[in-house]
Amino acid sequence: MKRLVLLLILAGVLSPAPAAVHHVTPVGPKGASADAITAAVDAAADGDVILVAPGTYTGRVRLRRQFGTPVTLRSEVPYQARLRGDAGAALIAFTARNVIVEGFDIAHTPGNSGGLVVQIQDLLGDVNGSDDGTDPVVGGIVLRNNVIHDSTNNDLLKINNGAEGILVEGNLFYDQAGSDEHIDTNSIVDVTIQDNVFFNTRDAGTSSFIVIKDSNGDDDTVLGARDVVVRRNVFLNWQGNDGQGFVRVGEDGTPNFEAEDVLVENNLFLGNATDLMRAPFTVQGSRDVIFRNNTLSGDMPARSFGGRFLAVGANRPNEALVLTGNIYSDPTGTLGSEAFNGVDLFDAPAGDTSSATLSGNLYFNGGNPIPSDAGQAVRFADDPAPTVGDPLLPALTGVVLPTWDGNQFADGSASIRAAFVTLVEAFGVPGADSPALDAADPVLAATDDILGRPRGNRPDLGAWEQPESEDIVFADGFEAR
């Protein structure tokens, strides 16, 4: 009968049943328990919407159903439904497919000694007793517009062990714990991290904000993290240890390429804190990594402001790195400063990177020369089309971190998106006479900017694209703005 109904729907004879809306409240036989949310998702049908009323839901939400059409799990009032993990993660998706989670406040309870706040991993790969490729894979999970914060142990978000097709969009991340990350993407395929804000408020010696790697080799269905996009994010207020930085590709020294096909574009990296980092961007033992149209501004401070490219242990040398259309701007004049035991604008030991393209970036060192160490595999002198000059970015003064106190954001924003836009417009916009304007290679540039606006025929350097009047092309082929 179900097969007949499906055929009739596909033939247009019948219309599919409308999606149902379910409600979860903190009052009832289960009380304020995360189990009530789990039960609602378990009972949902394809396309349903589950609205969770304001309140604190303690325990662990388990996403374990596979849906053909995405089911939406949403805080009925943004950020007022609080998921609190009291014995490890507050939210897990180990056997789920096609679930959207949006609008929640997600954290650990104080004293929680269990690891991770949110975890997505694939445990469907062996449901038939083998990894023969016939089993479904955990995927289609979307984390959107959530405040994910205050881990008492380990990462804020871990995506690992073969998960595929994951979207992390428009969230606010701050304050992980231990030597761990905001987001650990580990042995995964097709993960997009976009439009988020990342920062820390406490000096805890933590690790990178985002790491992309494969720690377990071929122990699962994926060898080497691949097809990862990190775009249109804001990173600021580094409070971690001095061996890490905002984004790291590769970390464990494994013999396989740790990551492949990684795109990092249109991000704003702000050096507004005082803790020393190793480099804002690191690539280790990976290949086919593109870093384009990013804006790095301020005194990070970093030993290697532009990036670190290395191979460690059993790593293969990095291969096919592309760095183009970026703004590297330190108005304090300490790019590669020996004051922090730095080695250069880029730290790229000879032999650790087999091929790299550095082209068409803007460099500003507060009026000082741009450091270029001939011993490095990647160096300023390799850029055939550099722009050297002040991009006229705003000074990093008066930065207000948009922490969430349960009722409002500290910067006065009404939403995560508003906080994101406030940071971009306050600190990521070059001045009207900036040499960054119209200076990017249109062939290599990103197609949009940090706000998702399309770039024109003469794109700007960095993450921000200055709005222009529509291009006018004359009959003789010349164009004007």
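**Ground rules.** I number residues from 1 along each chain as its sequence is written. The model is predicted, so I note that local features need pLDDT of at least 70 and side-chain atom pairs count only at pLDDT 80 or more, while totals for chains, interfaces and linings use all residues, and that side-chain values use heavy atoms, with hydrogens and water left out.

I found an open sheet of 12 strands, paired in parallel, in the order 1-2-5-8-11-14-17-20-23-26-29-32. Strand 1 (21–24) and strand 32 (356–359) are at the edges with a single partner strand each, so one side of each has no neighbour in the sheet. From one strand to the next the twist averages 10 degrees. For the terms, I take strands as DSSP runs of E with at least two residues and helices as runs of H or I with at least four, numbered from the N terminus. Two strands pair if DSSP finds at least two bridges between them.

**Strands 5 and 8.** Strand 5 (residues 66–75) and strand 8 (residues 97–102) run parallel and are joined by five bridges. Leu73 has Val101 of strand 8 as its bridge partner.

**Strand 24.** I looked at which sides of this strand are covered. Both faces are: Leu268 and Leu270 on one side, Phe269 and Gly271 on the other, are all buried. Buried means under 20% relative accessible area, exposed over 50%, and partly exposed in between (1.4 Å probe, protein chains only). Strand 21 (residues 234–235) runs parallel to strand 24, with two bridges, and Phe235 is opposite Phe269. Strand 27 (residues 295–298) also runs parallel to strand 24, with four bridges; here Leu268 is opposite Thr295.

**Salt bridges.** I found 20 salt bridges in the structure, each a side-chain nitrogen of Lys or Arg within 4 Å of a carboxyl oxygen of Asp or Glu. One of them joins Asp105 and Arg84 at 3.1 Å, N to O. Asp105 is in strand 9 (residues 105–108) and Arg84 in strand 6 (residues 81–85), so the pair ties together parts 21 residues apart in sequence. Asp105 and Arg84 are both buried.

I next looked up Asp347. Its salt bridge with Arg278 has the closest N and O atoms 2.4 Å apart. Asp347 is in strand 31 (residues 346–347), and Arg278 is 69 residues apart from it, in the loop between strand 24 (268–271) and strand 25 (281–284). Arg308 also meets Asp347 in a salt bridge (3.5 Å, N to O). Arg308 belongs to strand 28 (residues 307–310) and is 39 residues apart from Asp347. Arg308 counts as buried because its relative accessibility is 18%; Asp347 counts as buried at 8%.

I also noted a network of salt bridges that links Arg74, Glu102, Arg144 and Glu169.

**Cores.** The largest nonpolar core has 83 residues, of which Leu63, Leu73, Ile120 and Ile159 touch the most other members. A core is a set of buried Ala, Val, Leu, Ile, Met, Phe, Trp, Tyr and Cys residues joined through side-chain atoms within 4.5 Å. Helix 2 (residues 34–43) gives the most to this core, with five residues. A second, separate core of 23 residues includes Leu172, Trp404, Phe420 and Trp464.

How values were computed:
Axes fitted to C-alpha atoms, helices over the stretch in contact; angles between N-to-C directions.
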